[in-house]
Structure formats: structure tokens, C-alpha cells
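Hi,

Here is the structure I said I would pass on.

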Amino acid sequence: MNIKWDAKGYTDNFSFVHQYGNALLDLIDVQPGMTCLDLGCGNGALTAELSKAGLSVIGLDASPELLKIARAQHPDLQFVQGDAADFSLKEPVDVIFSNAVFHWIDAGRQENLLSCIYRALRPGGQLIFEFGGKGNNALIHRELKKAFERRGLTYRFPFYFPSIGEYTMLMEHAGLQPTYALLFDRLTPLNGDDGLYDWIQMFVKTPFAGVTEQVKEEIIREAVEALFSKLFLDGKWHADYVRIRCKASC
């Protein structure tokens with residue numbers, strides 16, 4: 001995963017990320033005694049929901065900062081640190097669940113991610129996930145790119161946002177059989193008067209490596225101003241999300 005998290009800021013101000021993930025729970029065919037891996041569990045909010053649904057769940061995340069919060073808020077649950085594209089389990093599980101994680105993993109490591117998932121699932125196991133799809137936050141990234149280029153800088157796009165066709169092909173190549181796949185727009189309201197500015201500060205970090213704080217501030221403010229007419233709607237900032245939601249069997 002290519003980001004160092006502000007774990008407290010994420011937990012305090014971006015709870016909508018895991019709240020939207022609650023809809024994924026309905027895709028799980030829960031049976032008594034099932035085991036589950038919450039892959040990229042973050043602060044453990046959805047790990048707790050998986051446990052409440054009757055699953056024996058382990059949370060795995062690469063971020064020690066987020067895991068510290070997860071363990072403090074959910075001391076009765078098990079959390080381990082690990083790389084989503086390079087992990088193994090002592091025993092395979094019945095369900096692997098993941099929300100808003102796969103787009104953080106570089107395109108060149110997606111095959112590794114899916115191979116790890118395949119090996120970690122029992123035969124007949126379920127993979128349920130959602131992440132950013134083709135066109136996700138396109139308006140935001142377009143304006144940031146323009147602001148970079150006006151200064152002679154290169155905007156290094158840090159995310160992986162595939163189409164359904166591209167991703168289901170990768171899944172099948174890894175031995176996973178897609179049974180449900182949906183690409184959909186989800187215009188998402190953001191918190192606060194500076195909602196879009198705060199969103200960019202939280203989630204768009206890689207392109208600003210090596211850029212001074214002054215220039216970073218100028219770029220973000222410039223992009224936010226350019227997006228006002230498109231993403232400040234009904235008195236509230238929004239992000240132009242596009243999501244892929246999938247279910248697959250092993």
C-alpha cells in the first residue's frame with residue numbers, strides 16, 4: 001500500500017469510508033462457524049461489524065497507526081500487520097472481505113494480491129470487495145493534474161482504478177470466479193466547510209512528494225476553487241466516487 005496514514009484524522013473525519021462498506025456485508029452468505037479475513041481492515045470498524053454478523057474474523061492491515069486504533073477500540077478482536085499483496089494465513093478462511101483497499105495497491109502488484117487471496121480461501125470460499133473503479137474521482141485528479149502542469153510539475157497518479165472487464169479478467173486468471181460485479185457512480189458528501197480540501201490532504205499524498213508546503217497549498221486551493229461549481233452542491237462538498245463492487249468464489 002502506497003500511503004502513510006493520519007490514523008486519527010481518518011478515524012475522526014472520514015468515517016463515511018467504512019459506513020458505505022456496510023452495504024457489502026449483505027453480499028456475504030453467512031453460515032454458522034464461518035471464518036473471515038478483513039483485508040485492509042484499517043481502524044477495525046468493519047471488522048467489528050463482521051464479527052457482529054456471526055463471523056470469526058481477523059483484521060489485517062499494513063498501517064501500524066490504524067492497527068493501534070483498531071486494537072484500542074476493539075480489544076476483543078484479533079488484528080495483525082501485513083501486506084495485502086504479500087500475506088499468508090496459518091489456515092484458509094471461508095470469507096475474505098475488503099472495502100476501499102485494492103485501489104491503493106499498484107497495478108503491478110494486483111496479480112500478487114489476488115494470488116494471496118486465492119491461497120487464503122478455502123475451496124468454495126467467498127471473496128467480497130469494493131474499491132475505486134474506472135473514472136473514480138476523475139474531476140478531482142484532472143484539476144490537480146492541471147495545477148501541477150501549470151507549474152511545470154508532473155502529476156504522478158497514485159491509484160489503480162480498473163474497469164470491471166479488466167479486473168474480472170485478473171480474478172479469473174488467479175483462479176477466482178466472479179459471480180457478481182457492478183460499477184457505479186457514488187457522489188459522496190464530505191464533512192465540513194473545507195471538505196474537499198481536507199479530502200485531498202488526507203488521500204492524495206504521493207503526487208506531492210518533493211513539493212514544498214507552500215506550493216502544495218497553492219495547488220490544492222487552486223483545484224478546490226476550480227471544482228466549486230461541480231462538487232459544491234446543496235451547500236456541501238462532494239467527491240466524485242466511482243466504485244467497483246464484486247463477489248467471487250474460490
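Below is what turned up when I went through it.

First, a word on confidence. This is a predicted model, and the average pLDDT for the protein is 92. Of the residues, 92% score at least 70. The stretch to treat separately is residues 12–17, where pLDDT stays under 50. For those residues the model has 16 contacts beyond four places in sequence.

Now the helices. Helix α7 covers residues 164–173, and its buried residues are Tyr-167, Thr-168, Leu-170 and Met-171. Looking down the axis of α7, you find these buried residues within an arc of 155 degrees, so they line one face of the helix. Met-169 and His-173 are on the other side of α7, and they are exposed. What does the buried set of α7 pack against? Its partners are α5 (110–120), β5 (121–132), β6 and β8 (236–249). Just after α7 comes Gly-175, which has a positive phi of about 100 degrees.

Next, the aromatics. Searching the whole structure gives 19 aromatic pairs. One of them is Phe-159 with Phe-161: the ring centres are 5.4 Å apart and the planes are at 10 degrees, so this pair counts as stacked. Phe-159 and Phe-161 are both buried. They also belong to a cluster linked by ring pairs, together with Trp-104, Phe-157, Trp-199, Phe-203 and Tyr-241.

Tyr-241 has a charged neighbour too: Arg-186 lies over the face of its ring, 5.2 Å from the ring centre. The backbone oxygen of Arg-186 is reached by the side chain of Thr-188 at 2.8 Å. Thr-188 itself is part of strand β6 (residues 177–189). Is Thr-188 buried or exposed? It counts as buried, because its relative accessibility is 0%.

There is another arginine over a ring: Arg-221 sits over the face of Tyr-197, at 3.8 Å from the ring centre. Arg-221 is also touched by Asp-194, which touches Trp-237 as well, leaving aside residues up to four places away in sequence. You will find Asp-194 in the loop between β6 and α8 (195–203). With a relative accessible area of 39%, Asp-194 is partly exposed. Asp-194 and Lys-236 are 42 residues apart in sequence, and their C-alpha atoms are 9.3 Å apart in space.

Ala-100 has a phi near 60 degrees, a positive value in a residue other than glycine. Ala-100 lies in the loop between β4 and α5, and it counts as buried at 14% relative accessibility. Asp-234 is not a glycine either, yet it has a positive phi of about 55 degrees. Its place is the loop between β7 (232–233) and β8. Asp-234 is exposed, with a relative accessible area of 84%.

Cheers

Note on methods. Residues numbered from 1 in each chain as written. Predicted model: local features only at pLDDT ≥ 70, side-chain atom pairs only at ≥ 80, totals over all residues. Heavy atoms only, no water. pLDDT = per-residue confidence, 0-100. Contact = heavy atoms within 4.5 Å. Helix = DSSP H or I, 4+ residues; strand = E, 2+ residues; numbered from the N terminus. Buried < 20%, exposed > 50% of the residue type's maximum accessible area, 1.4 Å probe, protein only. Polar contact = N/O pair within 3.5 Å; in protein donor to acceptor, adjacent residues only side chain to side chain. Phe/Tyr/Trp six-rings, centres within 6.5 Å; stacked < 30°, edge-to-face > 60°. Lys NZ or Arg CZ within 6 Å of the ring centre and 35° of its normal. Arc of directions from axis to C-beta.
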